[in-house]
Amino acid sequence: MSTPTPPMHDNPKAAAKAAKAYAKATRPWYKKKRFIVPVALIALLVLVAALSGGEETTAAADDTDTTSESNEAAKGNDDSTAEVGSKDAPAPVGTPVRNKSAQYTVDSVEVRDSLGDFGNPPAGKYVVVTLSIENVKDETIQMSMEDFVLEVDGTEIATSSEAWMLDTAISYEDISPGLTKQGTIVFDVKPELAGQGVIKAQAFISMDEPVYLSLQ
């Protein structure tokens, strides 16, 4: 395309006007208003769209993070378990648990109809529990059958005095630091509940937290 030649005029005013018109006509296309305004509008729209998209992405990411944190918290709650030896998680037979004074282990559980030829028969069934108690303190502790209660079917059952018929019955005895004493306690329970329940162990004269031992 050929470049137009500015017209020649004798009149100075006409010549100036013609020169201005010529300069306007020969400006590059990207400097002309009819091109600059639409381009500027398009650039503005692109910028706004980019900013809006970024905010939405950030918001979505924040929502995802929040959801993930909530899921992790829920998972953590699901994975959480009660401490072994607590009322919600009594220690199974053969599993030792301790408080500040002693470590307790249920060694065996037997259901009997008698404790010997000279003993009285049970009202229900005798549950004979053999325990090992280790002194974990740095001073002597005392052990007695009153330290144990059987919780079964929503009730508490004290030890039976018929346990004295057994040579292994736990009596009022001292246990020196670091030593272990094995003994037997007896409960008289309804036949249908024999062998069930949880033993709560807590030294009678101590302020220790109780530990719980399952009969199974």
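Is tyrosine 104 buried or exposed, and at what relative accessibility? At 3% relative accessibility, tyrosine 104 counts as buried; here buried means under 20% relative accessible area, exposed over 50% and partly exposed in between, with a 1.4 Å probe and protein chains only.

The views below show a predicted model, in which local features need pLDDT of at least 70, side-chain atom pairs count only at pLDDT 80 or more, and totals for chains, interfaces and linings use all residues. Residues are numbered from 1 along each chain as its sequence is written, and side-chain values use heavy atoms, with hydrogens and water left out.

**View 1. The whole chain.** The chain has two helices and 10 strands, and its pattern along the sequence is α-α-β-β-β-β-β-β-β-β-β-β. Helices (H or I, at least four residues) and strands (E, at least two) are DSSP runs, numbered from the N terminus. Of the 216 residues, 30% count as buried. Among contacts with a separation of 6 or more, 65% come from residues 24 or more positions apart; contact means heavy atoms within 4.5 Å.

**View 2. The aromatic pair.** Here is the one aromatic pair that the structure holds. The ring centres of tyrosine 104 and phenylalanine 148 are 6.0 Å apart and the planes meet at 85°, so the pair is edge-to-face. For Phe, Tyr and Trp (its six-membered ring), rings pair if their centres lie within 6.5 Å; planes under 30 degrees apart count as stacked, over 60 as edge-to-face and the rest as tilted. Because tyrosine 104 lies in strand 2 (residues 102-112) and phenylalanine 148 in strand 5 (residues 148-152), the pair ties together parts 44 residues apart in sequence. Phenylalanine 148 counts as buried, at 2% relative accessibility.

**View 3. Strands 5, 9 and 10.** Follow phenylalanine 148 to its bridge partner in strand 9, alanine 201. Strand 5 and strand 9 (residues 198-201) run antiparallel and are joined by four bridges. Alanine 201 also stands opposite valine 211 in strand 10. Four bridges join strand 9 to strand 10 (residues 211-214), again in an antiparallel arrangement. Two strands pair if DSSP finds at least two bridges between them.

**View 4. Threonine 105.** This residue of strand 2 is buried, with a relative accessible area of 11%. Leaving aside neighbours within four places in sequence, threonine 105 touches residues including Gly94, Pro96, Leu131 and Leu213.

**View 5. Salt bridges.** A search of the whole structure finds seven salt bridges, each a side-chain nitrogen of Lys or Arg within 4 Å of a carboxyl oxygen of Asp or Glu. One of them joins glutamate 151 to lysine 87 (3.8 Å, N to O). Glutamate 151 sits in strand 5 and lysine 87 in the loop between helix 2 and strand 1, 64 residues apart. Glutamate 151 is buried at 15%, whereas lysine 87 is exposed at 53%. In another bridge, glutamate 173 meets lysine 181, with the closest N and O atoms 3.1 Å apart. Glutamate 173 is partly exposed at 22%, and lysine 181 is partly exposed at 28%.

**View 6. Aspartate 88.** Look for aspartate 88 in the loop between helix 2 and strand 1 (97-98). Aspartate 88 is exposed, with a relative accessible area of 71%. Its C-alpha atom is separated by 8.7 Å from that of tyrosine 212, 124 residues away along the chain.
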